[in-house]
Amino acid sequence: MRVLVLNPGSSTLKAVVLEPPGRDPLATIEVQLGADASRGADIGVVVAETVDGLTPDVDPATIEAVGYRVVHGGTRFSGPVQIDDDVLAAIDGLADLAPLHNGLAAATIRAGRAALPGATHVASFDTAFHAVLREDAIRYAVPTRWGEEWGVRRYGFHGLSVEWATRRAAELLGRPIGGLRIVVAHLGNGCSVTAVDGGRSVETSMGMTPLEGLVMGTRAGSLDPGILLRLLRDGHRSADELAEDLDHRSGLLGLSGRSSDVRVLLAAEADGDAASALALAVFIRRAAAGIAAAATALDRLDAVIFTGGIGAHAGSIRGRIVGRLAILGIEPTLGDRIGADTEPETADSIDDGGRGPALVRISAREDVIIAEQAALIAGRGVSAS
C-alpha cells in the first residue's frame, strides 16, 4: 500500500510517501512554515502544492492512504483512527489543549481530504503511546474534582517519536524491546523526555498540554505556578497574554532575545553573546535534569536515546547534556563517541562489555509509525507493531 504521511509540526510540514513495511521514502518534501506554523501559514495552499509536488517521483493518484500526525488525542483517542467529520471535529475541539498543534493538524487534514478524496485518511496521535501510563503517573497533586470534573491530568506527547526511537534503539543495540529500559530525550522545537520499560511508557515530562517539562524553542516548560498567579493578580498580564507569552515568547527565544534556533544561538555564543550562552545553559541543565528524573521510573537504565532535531543533529548540545549525567553512570565524554551529526545513527556504551548505560543517537522517523498505522487502518493488514 502506498501511504502519504503529512506531519504538520510547529515550524514545518513534512510529507513522505512510503510503502509499509518499507522504510525508504519514495518521495520526501519539507516545507518551512516559519518559526510558528500556527500563525500565518495558509496550510490549505501548502498541502495542495505539496501533493502536486510529489510528481514526478510519485503519482498522487496512486496514493491509497494518508496518515497525519495529531498531537493531542485527549481521552477519546488511544490509537490510530480513520478520519470522518466527527473525528475531525473532535481533533479541532482539543485545540485549546495544544494550541500550536491541533488546529494546524485539523487544517492539514481538511486540505489533505480535499486534495486526495479517494484515499483513506487516518489520524495518529502523539498522546496514544502514553495511554498506558499508570494512575500515579498521570495524576497531579490537586483537588480530585479537578480531574474528575475538569479533566485535569497528564497525557504526554511525542509518543510517535518515542515509539520509533524505542524500536530503532532495540535494532541498533541488538536487544529485544521487551527487555529494554530506556529514557528517550526528544529535543527539538518541542522537547520532552520519556521513560520506556519494555516498550511501554512509564513516565513522561509533558503534561496535560505540551507546555510542561523541558525548556523548548518558544515554550517555557515547567515553572512555578505562583508566578502566573502573581502576574494575573497584579494585573501585569491577562490570561490571553500569559498564553501568548508561554507558547510564543518564552523558551530559548525568550531567554536569548534573539532566536529559538539552536544553530543561531551556538553561533552567537561563539561570538560572545551572553544572553545566547545563558539560554543554552538553561536548556542543557533542564534537559539533563529531565533525563535523570525520568530514569527514576525504571529499575535499571540500559540506554539514553537522543532524537529530534536538536537531539540527533546538535552534537555539542548533546555532549554538554551527557556531561551532566555522570550520576547515571554515563562517562562524561561519551557524548562525543556516538558519531558526528552527519554520520548514520549510532549507539555506544561506556566500554566494550556494555556494563554502563548506552547512548544512542536516532533520527526522528514518526513517518514510519504513522504510515504503518495508516496502512493497518486502511485494511491491508500491515502490522503496526
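Helices (H or I, at least four residues) and strands (E, at least two) are DSSP runs, numbered from the N terminus. By that rule the protein has 14 helices and 12 strands. This is a predicted model, in which local features need pLDDT of at least 70 and side-chain atom pairs count only at pLDDT 80 or more, while totals for chains, interfaces and linings use all residues. Residues are numbered from 1 along each chain as its sequence is written, and side-chain values use heavy atoms, with hydrogens and water left out.

**The whole chain**

Start with everything shown as a C-alpha trace. Along the principal axes, the C-alpha atoms fill a box of roughly 60 × 55 × 45 Å. The radius of gyration is taken over C-alpha atoms, and the globule rule is 2.2 Å times the number of residues to the power 0.38. For 385 residues, a compact globule would come near 21 Å; the protein has 20 Å, which agrees.

Now colour by accessibility. Buried means under 20% relative accessible area, exposed over 50%, and partly exposed in between (1.4 Å probe, protein chains only). Buried residues are 51% of the 385. Contact means heavy atoms within 4.5 Å. Of the contacts between residues at least 6 apart in sequence, 65% join residues at least 24 apart.

**The sheet that holds strand 1**

Select strand 1 (residues 3-8) and strand 2 (residues 12-18). Two strands pair if DSSP finds at least two bridges between them. Strands 1 and 2 run antiparallel and are joined by 6 bridges. Within this pair, Val-3 stands opposite Leu-18, and Leu-4 stands opposite Val-17.

Strand 4 runs parallel to strand 1, with 4 bridges between them, and Ala-65 in strand 4 is the bridge partner of Val-3.

Return to strand 1 and show its side chains. Val-3, Val-5 and Asn-7 point one way, Leu-4, Leu-6 and Pro-8 the other way, and all are buried. With 6 of its 6 residues buried, strand 1 is largely enclosed by the rest of the structure.

Zoom in on strands 7 and 10, which pair in the parallel sense over 5 bridges. Here His-186 has Thr-307 of strand 10 as its bridge partner.

**Two cores**

A nonpolar core is a set of buried Ala, Val, Leu, Ile, Met, Phe, Trp, Tyr and Cys residues joined through side-chain atoms within 4.5 Å. The largest has 43 residues, and those with the most contacts inside it are Leu-187, Phe-283, Ile-291, Phe-306, Ile-317 and Ile-321. Elements giving two or more residues to this core include strand 7 (181-187), helix 11 (274-295) and helix 13 (315-322). Helix 11 gives the largest share, 9 residues.

Select Ile-317. Leaving aside residues up to four places away in sequence, Ile-317 touches Val-262, Leu-266, Leu-280, Phe-283, Ile-284 and Ile-310. A second, separate core has 33 residues, among them Ala-27, Ala-105, Ile-109 and Ala-123.

**Helix 6**

Finish at helix 6 (residues 159-173). Its buried residues include Leu-160, Val-162, Trp-164 and Arg-167. Directly after helix 6 comes Gly-174, with a positive phi near 65°.
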